[in-house]
Amino acid sequence: MAAQTDQRDITQATAQGHEGKYLTFVLGDEEYGVEILKVREIIGLMEITIVPQTPEFIKGVINLRGKVIPVIDLRLKFGMEEAEPTEETCVIVVDIVGTLMGILVDTVSEVLDISASEIEPPPAFDSNIGTEFILGMGKIKGRVKILLAISRVLSQEELTRVIQSGGPGKG
Amino acid sequence: MEEIDREILVEFIKETIEELDGLDAKFIELENNPSDSETINAIFRTMHSIKGSASFFNLNHIRNFSHKLENLLDELRKGARKVTKDIINILLEGKDYLDGMFDRLVNGDMGVELFENETSLLEKVDGILATEEEKEEVKPHHLFHELDKMRHDLDAEEVINKPSVAGMLEIIERLREVVLGPEAKGEKDAPPLGQLLVEEGVVTSDDVSNALSKQKRIGEILIEEGKATPDAIARAAQLQEKQNKEISEAKRAKPVPSSAVMGIKKSMRIEEEKIDNFMDAVGELIINAEVFNYLQKKLETGHEIEKLVAEFKNASVDFSELIFNLQKGLAEVRKVSLKGIFQKVPRMVRDLAEKIGKEVDVQVSGEELLVDKSLYEQLESPLNHIIRNAIDHGVELPDDRKASGKNPTGKIIVSAEEVSGDFVISIIDDGKGMDAETLKAKALEKGIITPQMAEVMSDKEAYKLIFAPGFSTAEKVTDVSGRGVGMDVVMTALKEIKGKIDINTEVGRGTELMISVPMSTTLITISGLVVAVGKEHYIVPMEWVRESIKPSREQITSVKHQGDIIQIREQIYPLFKLFEVFGIVPASKEPWESVVMVIEKEDQQCCLVVDEIIEETQVVLKDLGDIFSGIPGILGGAILGDGKIGLVINIEGILNSMKNRFNTINQEG
């Protein structure tokens with residue numbers, strides 16, 4: 001019993017660290033959230049210049065008002081099927097410790113204020129994303145949103161690991 | 001008020017750090033040329049002004065420290081003492097401690113106590129000063145004599161503010177110290193004789209005060225001895241009182257800022273003229289913007305289109321020109337001279353050579369060259385590593401040099417120059433040189449290269465093995481040349497600034513190492529050819545493209561395991577297909593239905609197949625960011641006229657990756 005209480009306390013503590021405003025978006029059948037503080041802007045899909053010799057999930061680079069920023073296809077990063085772009089497809093520009101990066105998502109939903117009591121720890125299994133990329137599961141009005149640790153998803157290490165090990169090129 | 005003081009203090013710290021940086025080279029110069037009065041005077045002046053300012057800011061530790069060094073320098077300057085290696089060593093050490101004290105200030109440590117090692121150096125200086133070497137003792141009447149001579153300056157009221165008063169102040173300062181003993185020593189000094197006598201019970205305190213009241217003041221003694229006139233003494237006394245008052249007021253008015261970290265930011269000096277030019281250019285740009293505004297309004301009416309097009313073209317040409325000038329101006333502003341790095345070289349060489357028992361002369365040239373600030377900052381560490389390596393591994397021990405018929409003193413020449421847009425630093429030593437086979441053997445042993453790699457490796461590539469990670473570190477655990485870091489940091493640093501290294505060496509004769517770096521790393525404009533491959537557009541830097549042709553089928557041959565080769569006139573080149581390198585679907589896979597560009601990069605040549613050449617362009621190279629830094633074939637991105645991003649091709653990277661592929665094929669075959 002005591003152990004269970006401890007577990008709950010720890011969980012509660014992490015959840016408190018993660019409460020706040022999230023921008024939610026859709027990938028396939030699932031809804032995700034990124035901390036609003038990391039979001040710089042949301043832009044429509046624009047022409048992406050493919051960068052050769054990079055893994056599939058790195059879509060390429062775009063010109064954001066004179067800045068060259070990379071765009072990552074989150075579907076491919078998370079091992080989902082690539083989707084045909086639609087009217088709703090957009091790029092969320094996030095700021096990862098000073099570096100701007102774009103993430104390609106199916107559609108952006110809304111900005112949600114998620115309190116600590118609504119956040120549950122990530123499931124230990126049953127996720128094709130990998131728990132290290134998840135801050136927690138936001139449960140709001142019966143729907144579950146996966147709150148992403150976006151800095152970890154887009155870390156230099158995570159993105160270049162495949163390049164260096166000579167992953168499959170595009171083409 | 002305090003804010004202003006702080007600003008002045010920060011300014012003082014910055015200036016002094018700069019001046020201290022220059023001292024090393026001057027000390028070495030003095031050592032090599034002890035009778036050079038200009039050098040010693042320059043050093044003395046620096047020390048003197050540090051002391052003066054430190055005392056102004058109540059930085060007693062710096063004042064006392066520099067004061068002592070100044071005394072020593074003064075004796076050297078007057079020729080009362082000879083410049084010896086020991087003295088230079090002490091001065092250099094003292095300079096390092098001053099560096100340390102200023103470091104402490106920069107870090108917000110406002111403590112004015114000297115550290116133990118600093119105090120013990122001062123004791124060493126005292127030891128030297130105490131040894132008699134026809135040392136002229138400073139007598140009070142001497143100083144009064146000087147004071148007497150200077151008092152004429154003070155006759156008129158308005159003279160008080162003249163610079164000569166500063167000199168006068170200095171004399172007074174010395175006078176006070178000679179007559180009353182150094183102020184700082186006060187606390188540490190033993191109690192006065194009278195106090196001791198009272199404590200010992202020899203006399204009563206009344207006896208002591210009685211005796212003291214009979215003591216004559218120094219002025220009276222001087223008058224009695226006829227060394228000074230009563231008039232002169234009176235004036236001096238007056239002056240003393242006045243100065244005392246001024247000094248104590250100054251001390252009250254200028255409290256040393258509290259122990260907040262000094263807000264010292266990176267800064268650089270810029271000539272005013274350059275800034276003025278900027279302002280002019282910006283002014284013109286504003287006018288230019290007005291022209292565009294005007295043209296836009298005209299365009300809205302839709303009349304006289306032809307005339308408008310012409311006007312628009314003019315405005316646009318003006319605009320490009322202004323932007324170009326601004327860019328050039330900004331690049332100029334960002335430039336600093338290499339002096340800061342180069343002036344530290346002689347000291348470093350001297351210290352290191354002495355430590356490992358070698359004799360090395362160093363010659364430095366090209367320090368006046370201006371380079372971009374970011375480049376400057378990143379050059380220092382690789383340069384130092386290379387020089388250290390040259391002394392450590394290049395130059396032989398004096399006996400060995402003698403044995404092989406060389407001058408026992410080795411020589412290192414460090415020079416910088418600008419060669420066609422590149423900035424080239426060469427480090428030449430006349431040491432033992434390097435042998436490609438020995439290097440390869442060592443690299444093999446350490447598992448850095450494979451036997452196959454060793455076989456195909458050229459001598460030049462073998463020399464570069466000294467920069468490979470793990471090549472030099474192992475045997476250098478206690479060594480001086482790396483501070484535990486290998487030469488591979490050189491390569492890392494150079495990669496950052498897109499620098500390259502070329503090595504020429506001859507066993508027994510020495511080594512020449514050349515670093516070349518593009519002059520500007522901040523804003524690189526590239527003229528290039530926009531080429532199409534499939535749906536993609538790339539930019540091939542023009543400087544490497546010698547020509548482009550539409551080849552015939554007969555010119556191209558496929559060689560098993562080697563890929564394609566192409567014969568153009570008498571010459572045969574390897575043929576690389578860009579669509580293959582980048583994995584794209586091209587318009588045509590057949591080279592004879594495409595365009596072939598002949599690429600020449602230094603001594604390497606190849607041909608590159610693209611779908612077509614679209615146009616010539618000028619672009620600004622942009623870094624793609626860290627996640628793309630590992631891609632060999634791409635140099636960076638550039639924003640094209642239509643707002644799309646064009647990737648700039650890195651010919652060298654492609655050549656290398658293709659070469660590796662061939663090597664692998666060869667090894668497998």
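How many residue pairs are in polar contact across the interface of chain A and chain B? In this predicted model, in which local features need pLDDT of at least 70, side-chain atom pairs count only at pLDDT 80 or more, and totals for chains, interfaces and linings use all residues, residues are numbered from 1 along each chain as its sequence is written. Chains are lettered from A and ligands numbered from 1 in the order in which they are written, and side-chain values use heavy atoms, with hydrogens and water left out.

The rule finds two such residue pairs across the interface of chain A and chain B, both at pLDDT 80 or more, a polar contact being a pair of N or O atoms within 3.5 Å of which, within protein, one must be able to donate a hydrogen and the other to accept it, while residues adjacent in sequence count only if both atoms are side-chain atoms. One salt bridge is counted between the two chains, defined as a side-chain nitrogen of Lys or Arg within 4 Å of a carboxyl oxygen of Asp or Glu; a salt bridge joins the side chains of Glu47(A) and Lys644(B) (4.0 Å, N to O). On the side of chain A that touches chain B, β4 (58–64), β5 (67–73) and α4 (156–164) of chain A each supply at least two residues.

The contact (heavy atoms within 4.5 Å) draws 24 residues from chain A and 20 residues from chain B. Between them the chains bury about 1,900 Å², of which 66% lies on carbon and sulfur atoms; buried area here is the accessible area (1.4 Å probe) that two parts lose on being put together, summed over both. Pro52(A), Gln53(A) and Val68(A) supply 31% of the area that chain A buries against chain B, more than any other three residues.

Within chain B, strand β15 (residues 604–610) is largely enclosed by the rest of the structure, because five of its seven residues are buried, that is, under 20% relative accessible area (1.4 Å probe, protein chains only). Strands, which are DSSP runs (E, at least two residues) numbered from the N terminus, pair if DSSP finds at least two bridges between them. Strand β13 (residues 571–577) of chain B runs parallel to β15(B) and is joined to it by three bridges, with Leu608(B) in β15(B) as the bridge partner of Phe576(B). Strand β14 (residues 595–601) of chain B runs antiparallel to β15(B), with seven bridges, and Ile599(B) has Cys606(B) in β15(B) as its bridge partner.

Technical notes:
Buried < 20%, exposed > 50% of the residue type's maximum accessible area, 1.4 Å probe, protein only. Helix = DSSP H or I, 4+ residues; strand = E, 2+ residues; numbered from the N terminus.
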